[in-house]
Structure formats: structure tokens, C-alpha cells
Amino acid sequence: MISARFLVLRRTFPLLLSALALGLVAGCDDDNGSSSTNGSSSSSSGSGGAGGQEASFRLSGSLSYEYVPFDVDVEKLDYAKIEKRPIRGASVRLIDADTDAEIAKTTSDDEGAYSFDYTGAAKVKLWVYAQTEAPSLIVEDNTSGDEVYVMESKTADSAEDAKLDVLAATGWDGTAYTLTRAAAPFAVLDTAYTAARRFLDEVSPPPELPPLKFNWSIDNRPEEGDKALGQVGTSHFDGEELYILGKEDVDTDEFDSHIIVHEWGHWFDQTLGRADTIGGTHANGDIEDPRLAWSEGFCTALSAIILDPDTTYTDSSGPGQASGFANDVEVNDNSAESSPGWFSETTVQGVVYDLYDGSNEPFDQVGVGIKGIYEAHQTQKNKAAFTTLFSFVASLKENDPQAAPGIDAVTSFYNASADFGIDPIEDEWGTNETHSGGFPGSLPVYKQGVVGNGYTVDLTGDGESNRLSQNVYYQIEGDGMPITVTSTSSSNVDLAVYNAGVLVTSDENPSGEESLTFNSEAGTIYVLSVRGYNTMPVSYSADITISH
């Protein structure tokens with residue numbers, strides 16, 4: 001059997017060999033593998049057969065990568081239990097070993113198998129791209145001009161039917177990464193492929209997933225700066241592409257599948273749904289703006305849904321990737337210490353996962369599956385209210401009214417006290433919600449804003465402006481006339497008006513004196529967001545006027 005020879009970088013189209021060859025790929029595949037029946041072929045000039053006819057050849061084999069699992073008991077990557085997994089759906093090119101000319105191309109099947117029946121050169125090799133075509137996923141190196149990772153095999157002599165199995169190894173020697181980390185880009189690719197396939201295979205009609213690029217590099221580290229140098233901050237979706245950490249002994253995420261799916265979820269949420277999150281620093285137990293709590297909780301729940309039955313969210317880091325954390329999404333935390341509620345990402349992730357899975361707990365007798373989650377996700381994006389737990393659950397009930405009692409039982413499980421919990425969700429606006437998260441100014445969730453009236457907004461300062469205590473919403477019904485909103489406060493506040501999640505206008509100057517005007521449509525419900533920035537843990541207010 002023949003192992004991979006190089007992990008190289010190439011432009012996607014046209015193919016240009018980079019000057020950077022990343023070195024030897026450790027590991028041979030000792031299994032026989034199986035042949036694929038999905039190979040395509042094309043002819044090219046090469047060794048001629050008798051009588052001037054080109055000889056016919058067959059090359060087949062399997063493609064695989066090494067995956068390092070996370071040990072949840074000691075919370076670190078477990079290199080002693082490396083698994084071999086198939087490289088699925090990847091673009092495979094059959095290459096003339098002497099000229100680097102492409103002879104044929106195919107994609108690997110779900111077992112990682114491929115095959116070529118072709119005429120032409122007898123000596124060939126494979127280029128295996130960290131790229132799939134359906135769906136379109138690419139893993140590239142943001143520190144090397146966005147070139148695509150390609151695994152190159154050794155040369156095979158196809159004078160007779162040949163088998164060529166290729167393995168992308170971790171590069172781990174027992175104590176450190178001393179050889180090429182060939183498995184890493186294929187691990188990222190395979191996790192993304194798993195996420196996409198769950199929706200493509202289980203939703204009818206399947207969603208149309210646009211192309212997506214992942215940026216991974218051994219230099220990607222938790223440092224803000226130039227992404228071309230690997231200073232990516234953290235694994236994240238930047239609104240267009242995903243960046244994945246890869247710095248050895250600092251923070252690597254290529255084998256942290258839940259992290260990858262979580263970030264893929266942000267792309268999925270924005271691309272196929274609607275993401276109103278205001279972003280910023282967040283953690284389990286925080287009392288957050290409900291847009292942020294929804295976005296982060298939904299994406300964490302999505303990681304458990306996609307990787308089900310592996311519901312434990314894990315992240316490795318530190319020297320030797322021997323540190324990290326593990327949180328089981330299926331373990332429902334409704335303790336007062338977790339600050340449960342519609343403003344908690346921990347609560348959101350528990351609710352969404354329990355709505356997805358089957359009837360496996362006394363309070364959880366509903367299971368809508370991934371199809372139900374997706375359909376509610378699609379209904380939610382057309383709501384006038386922000387994307388929060390309220391708009392999602394309201395969408396789920398709208399799509400399946402008979403499931404409403406079971407849904408209410410799931411959300412009611414998180415009632416911990418008068419301040420922390422969720423009342424039965426009546427609509428997208430959180431009408432009649434009584435849990436304030438300890439901040440009376442947060443209720444009602446959406447206040448009524450009437451043209452010609454003035455209001456006082458009660459806020460509480462925090463080190464972060466994305467907390468529940470610093471964000472207040474108003475509903476304003478358009479009347480076909482321009483509407484002006486102003487604020488007066490001793491602290492910095494921002495105003496923004498949205499129509500179904502789309503920003504209409506805003507005033508974000510660094511003071512408490514804000515003013516904006518927008519042309520309203522009669523009967524359209526707009527949402528006014530008032531966001532405060534006082535960093536001191538004190539109560540403060542803003543006077544709001546709505547007028548023509």
C-alpha cells in the first residue's frame with residue numbers, strides 16, 4: 001500500500017503548484033480498502049500501446065484521514081486513540097506523474113473509495129483536494145494566499161490494475177507535531193461535509209447551500225491582527241468565510257468538531273436564515289441580549305444535533321492540546337446559578353436540542369427532528385420581531401400547533417425563580433413574559449412605542465454592552481409618514497430602527513443625544529433598539545421621544 005507523499009498548496013483554478021511543499025506525510029494505509037464505482041475518466045496524451053493505441057489502465061483505492069478524539073474525562077485530545085476516517089466527497093485528480101497533466105477526475109464516495117478507468121500514462125499519482133463539490137466546501141490556507149490544501153500521493157505504476165490507498169496522517173510523533181499535519185484540513189472538511197449533508201439528506205426539498213470557504217493554518221492563533229499572518233482572534237465566521245484555529249500548543253480546533261459545526265452554524269444561520277445577533281463577548285451563565293443568546297445557543301445546539309449522538313461540546317487547547325473543556329448539551333441545566341431564561345445561551349441550547357430529539361425525558365415529550373428545526377428556522381426569518389428564542393418557538397408552534405403543549409413543557413422546565421425562567425411562549429414578541437433576569441427594565445420584552453409619546457428607558461451598566469441590562473426594544477407601527485426618534489441620556493446610548501431584522505437607520509454617536517428619522521410604511525411594525533454603553537454597574541436612564 002502507498003501512503004501520501006506531500007501536502008501541498010494549490011490555487012483552485014487554474015492549478016498552480018505553490019513553491020511551498022509542506023513536507024512528508026506520515027503513515028501508511030495497511031487496509032485493502034474497496035473500489036468505487038463513481039469514477040469518471042478522460043483521455044490524455046501518454047504512453048502509447050501496441051499499434052499506436054493507448055493502453056488502458058485501472059486505478060482504485062481508498063482515501064482516509066486520521067482523527068484525534070477528545071477525552072471528555074480528562075478534557076484533552078487523546079492521541080492514543082487516533083481513528084481512521086474516510087475522506088468523503090472530496091475532489092480527486094488523476095495526474096500524469098511525469099508531466100503533472102490532469103488525466104481524469106472524480107469524487108470519493110461515502111467510504112472514501114475512488115476508481116479511475118483511463119487511457120494514457122502508465123505512471124500516475126493522485127492529487128486529493130480538501131474540497132468537495134456537492135456541497136461546495138473548500139479548506140484553504142489564509143497565510144499562503146488562500147491556496148487550497150492538496151494531498152499528493154506517491155507514484156503508482158498502472159501497467160497492471162493498481163491499488164493506491166492514501167492516508168492523511170496527523171503528523172503527531174507521540175509528543176508533538178513533528179511531521180506535516182496533513183489530516184487537519186481534511187478533518188475540517190469532513191466535519192463541514194457532515195453538517196451540510198444532514199440538512200441535504202433529511203430536509204425536503206433540500207436547501208440550496210452556496211459555496212463556503214474555511215481558512216485553516218498551522219499559524220492561526222488567538223491573536224487579533226492580520227489574518228494573512230494567522231492573527232485570527234478565534235475560530236469564527238466573519239460574515240463571508242470561516243477561520244479555524246490551528247496553532248500547536250496554543251489552540252487548535254481542527255479536531256474540535258463541535259467548534260467547527262458551531263461556527264458553520266453561524267454561516268448557516270446568516271445565509272439560509274436570519275441572524276440579528278449583536279455579537280461580542282459571551283459565556284454560559286451570562287444574562288445576554290436575547291438576540292445574542294439565541295444565536296450562540298442555537299449554534300451550540302446545532303453542533304449537538306449535527307453530531308448526534310455525540311452531544312458533548314468540546315474544545316481543546318494549551319500545550320500538547322492537553323487542556324480544554326467539555327459540556328454536554330443534553331444535560332439540562334435549570335439551576336438558579338446558570339441564570340436560565342430567554343436571555344441565556346445555555347437555556348437556548350438546551351431548549352433547541354430537546355425540541356429536536358425524541359421523547360427521552362419526563363419533561364421532553366416532543367421531537368421535531370432536524371426537518372422541524374429547519375422549517376421553524378425558515379419561518380422565523382420572516383418575523384417582524386428580532387431572531388430570539390421567542391420568534392423561533394413561535395415559528396415552531398405555527399408550523400406544528402399540535403406540538404404546542406409539549407413545546408411549553410420543554411421551555412417551562414427552565415423556570416427556576418420569579419426572575420429566571422421562561423413562561424409559555426405566546427408569540428414572537430414574548431408577550432406576557434414575566435421573567436426579567438433580575439432587571440425590571442427588560443420587561444415587557446418589546447415595549448409599545450406610540451408616535452407623539454415620550455418614554456424613559458431604565459438600563460443597568462455592565463462591562464459589556466451586549467447584556468440584557470443594556471438593551472431595550474420598542475415596537476413602532478408605521479403610519480405612512482416620516483417618524484423621528486430622539487434620546488437624551490447622561491450616558492452613551494445608540495438608537496437603531498429595524499424592519500424584519502433589516503437595519504433601516506441608526507444614530508450611533510458617542511453621546512446620549514441621538515436622533516434619527518425614517519420613512520414609515522402604514523401598518524408595518526418596526527423595532528426600535530435602544531442600546532446603552534455605561535460600563536459601571538449602576539442604574540441609568542434614557543429619555544426617548546417618538547414623533548413626526
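A salt bridge is a side-chain nitrogen of Lys or Arg within 4 Å of a carboxyl oxygen of Asp or Glu. The structure is a predicted model, in which local features need pLDDT of at least 70 and side-chain atom pairs count only at pLDDT 80 or more, while totals for chains, interfaces and linings use all residues. Residues are numbered from 1 along each chain as its sequence is written, and side-chain values use heavy atoms, with hydrogens and water left out.

**Figure 1. Overview of the chain.**
The chain has seven helices and 31 strands. Both are DSSP runs numbered from the N terminus: helices are H or I with at least four residues, and strands are E with at least two. Of the 548 residues in the chain, 56% are buried. Buried means under 20% relative accessible area, exposed means over 50%, and partly exposed lies in between (1.4 Å probe, protein chains only). The chain exposes about 20900 Å², and carbon and sulfur atoms supply 48% of this area. Accessible areas come from the Shrake-Rupley method with a 1.4 Å probe; for residues, only the protein chains shown count as cover. Among the contacts in the chain with a separation of 6 or more, 69% are between residues 24 or more positions apart. A contact means heavy atoms within 4.5 Å.

**Figure 2. Salt bridge between Asp-286 and Arg-467.**
The side chains of Asp-286 and Arg-467 meet in a salt bridge, at 3.4 Å from N to O. This pair links distant parts of the chain, 181 residues apart. Asp-286 is in the loop between helix 2 (257-272) and helix 3 (290-307), and Arg-467 is in the loop between strand 24 (454-460) and strand 25 (471-477). Arg-467 counts as buried, at 11% relative accessibility.

In helix 1 (residues 183-202), Arg-197 and Asp-201 lie four residues apart, about one turn of the helix. The two form a salt bridge whose closest N and O atoms are 2.6 Å apart. Arg-197 is partly exposed, with a relative accessible area of 22%, whereas Asp-201 counts as exposed at 53%.

**Figure 4**
Lys-371 and Glu-375 both lie in helix 5 (residues 369-380), with four residues, about one turn of the helix, between their positions. Their closest N and O atoms are 2.4 Å apart, in a salt bridge. Glu-375 counts as partly exposed at 31% relative accessibility, and Lys-371 is partly exposed at 35%.

**Figure 3. Salt-bridge network.**
Asp-100, Lys-125 and Glu-152 are linked in a network of salt bridges. The count for this structure comes to 19 salt bridges.

**Figure 4. Helix 6 against helix 7.**
The axes of helix 6 (residues 389-399) and helix 7 (residues 404-412) come within 9 Å and cross at roughly 155 degrees. Axes are lines fitted to C-alpha atoms, for helices over the stretch in contact, and angles run from 0 to 180 degrees between N-to-C directions. Helix 6 and helix 7 are therefore roughly antiparallel to each other, a term for angles over 145 degrees. Val-393, Leu-396 and Lys-397 of helix 6 make the contact with Ala-404, Ile-407 and Asp-408 of helix 7. These residues divide into four nonpolar, no polar and two charged. Ala, Val, Leu, Ile, Met, Phe, Trp, Tyr, Cys and Pro count as nonpolar, Asp, Glu, Lys and Arg as charged, and the others, Gly among them, as polar.

**Figure 5. Asn-382 and Gly-501.**
Asn-382 is found in the loop between helix 5 and helix 6 and is exposed, with a relative accessible area of 62%. The C-alpha atoms of Asn-382 and Gly-501 are separated by 8.7 Å, with the two residues 119 apart along the chain.

Key: Angles under 35 degrees count as roughly parallel, over 145 as roughly antiparallel, 65 to 115 as roughly perpendicular and the rest as oblique.
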